[in-house]
Amino acid sequence: MESIQMLNDYIIHEYTMGILPYYSDNGELFSIVLEQYRVVKVALSPIKIMNDSCIFYGSDMDGRKASAHSIFAGKKMMPVMVSEKYRLCMIPVCSPYKPKCVWVAYQHVVDIMDDEGQALIVFTNHNKAKVELTKRTLHTKLGIAARLVSTYDLRYERITEGLRQSSVAEGTELYKIDPEKFKE
């Protein structure tokens with residue numbers, strides 16, 4: 001059997017499909033990361049990978065959660081928009097702070113099947129993963145994630161459209177800047 005590569009750090013990216021917790025031989029909480037083309041072990045907990053990835057893309061988990069709660073007031077266990085630019089949205093299958101929390105990348109879920117009352121996820125690479133959640137609940141979480149992603153897309157679209165409409169057409173003359181005017 002092929003051994004799985006062990007990494008000391010990890011940032012979620014477009015090929016990240018899921019993050020699963022596992023305990024090392026020493027009892028430390030680490031992660032198994034399912035990617036589209038490989039599987040890696042990471043010497044960090046899933047929540048640490050999530051927070052590090054959020055920070056890498058410009059915020060932290062608390063900021064991402066606060067933003068999601070401003071869109072969906074009163075909801076719990078919200079998806080986390082790790083990066084708006086790259087549309088990276090991760091869904092927790094239970095409370096994010098529980099050690100057993102599995103994270104699923106919204107954009108990589110192709111189908112969900114029922115496997116004896118639990119959700120069996122079919123990913124974009126046709127691999128499957130069973131999670132401790134019902135098919136119906138996971139469908140609901142995917143719908144919320146889709147709304148979160150589309151809300152950010154619509155916000156950006158509205159801002160850029162508003163800027164376009166309020167822009168004033170100017171002539172084609174060259175701006176001339178006199179550096180002497182900017183000296184103190």
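When I say contact today, I mean heavy atoms within 4.5 Å. With that in hand, let's start at Ser 45. Leaving aside neighbours within four places in sequence, Ser 45 is in contact with Leu 29, Phe 30 and Ser 31. Ser 45 sits in the loop between strand 4 and helix 1; helices (H or I, at least four residues) and strands (E, at least two) are DSSP runs here, numbered from the N terminus. Is Ser 45 buried or exposed? Buried, with a relative accessible area of 16%. My scale is under 20% relative accessible area for buried, over 50% for exposed, and partly exposed in between, using a 1.4 Å probe and protein chains only.

Quick housekeeping. This is a predicted model, so local features need pLDDT of at least 70 and side-chain atom pairs count only at pLDDT 80 or more, while totals for chains, interfaces and linings use all residues. Residues are numbered from 1 along each chain as its sequence is written, and side-chain values use heavy atoms, with hydrogens and water left out.

Two strands pair, by the way, if DSSP finds at least two bridges between them.

Strand 9 (residues 118-123) pairs with strand 10 in the antiparallel sense over 4 bridges. Which residue of strand 10 is the bridge partner of Ile 121? That would be Ala 129.

Staying there for a moment, Lys 130 forms a salt bridge with Asp 115, with the closest N and O atoms 3.6 Å apart. Lys 130 lies in strand 10 and Asp 115 in strand 8, so this pair ties together parts that are 15 residues apart in sequence. Lys 130 is partly exposed at 42%, and Asp 115 is partly exposed too, at 25%.

In general, side chains of opposite charge can pair when their charged atoms come close. The cut-off I use for a salt bridge is a side-chain nitrogen of Lys or Arg within 4 Å of a carboxyl oxygen of Asp or Glu. How many of them does the structure hold? It holds 6.

Another one joins Arg 64 and Glu 84, at 2.7 Å, N to O. This pair links distant parts of the chain, with Arg 64 in helix 2 (residues 61-71) and Glu 84 in the loop between strand 5 (80-83) and strand 6 (88-92), 20 residues apart. Arg 64 counts as buried at 7%, whereas Glu 84 is partly exposed at 31%.

Then there's Lys 48 with Asp 52, at 2.9 Å, N to O. Both lie in helix 1 (residues 46-56), 4 residues apart, about one turn of the helix. Lys 48 is partly exposed, at 40% relative accessibility.

Back to helix 2. The buried residues there are Met 61, Arg 64 and Ala 68. They cover an arc of only 70 degrees around the axis, which puts them on the same side of helix 2; that arc is taken from the directions from the helix axis to the C-beta atoms. On the other side of helix 2, Asp 62 and Ser 70 are exposed.

Last up, cysteines. How many disulfides does a search of the whole structure find? It finds 0, with a disulfide being a pair of cysteine sulfur atoms within 2.5 Å. Cys 89 is in no disulfide, and the nearest cysteine sulfur, that of Cys 54, is 10 Å away. Cys 94 is in no disulfide either, and there the nearest cysteine sulfur, that of Cys 101, is 4.1 Å away. Cys 89 counts as buried at 0% relative accessibility, and Cys 94 counts as buried at 13%.
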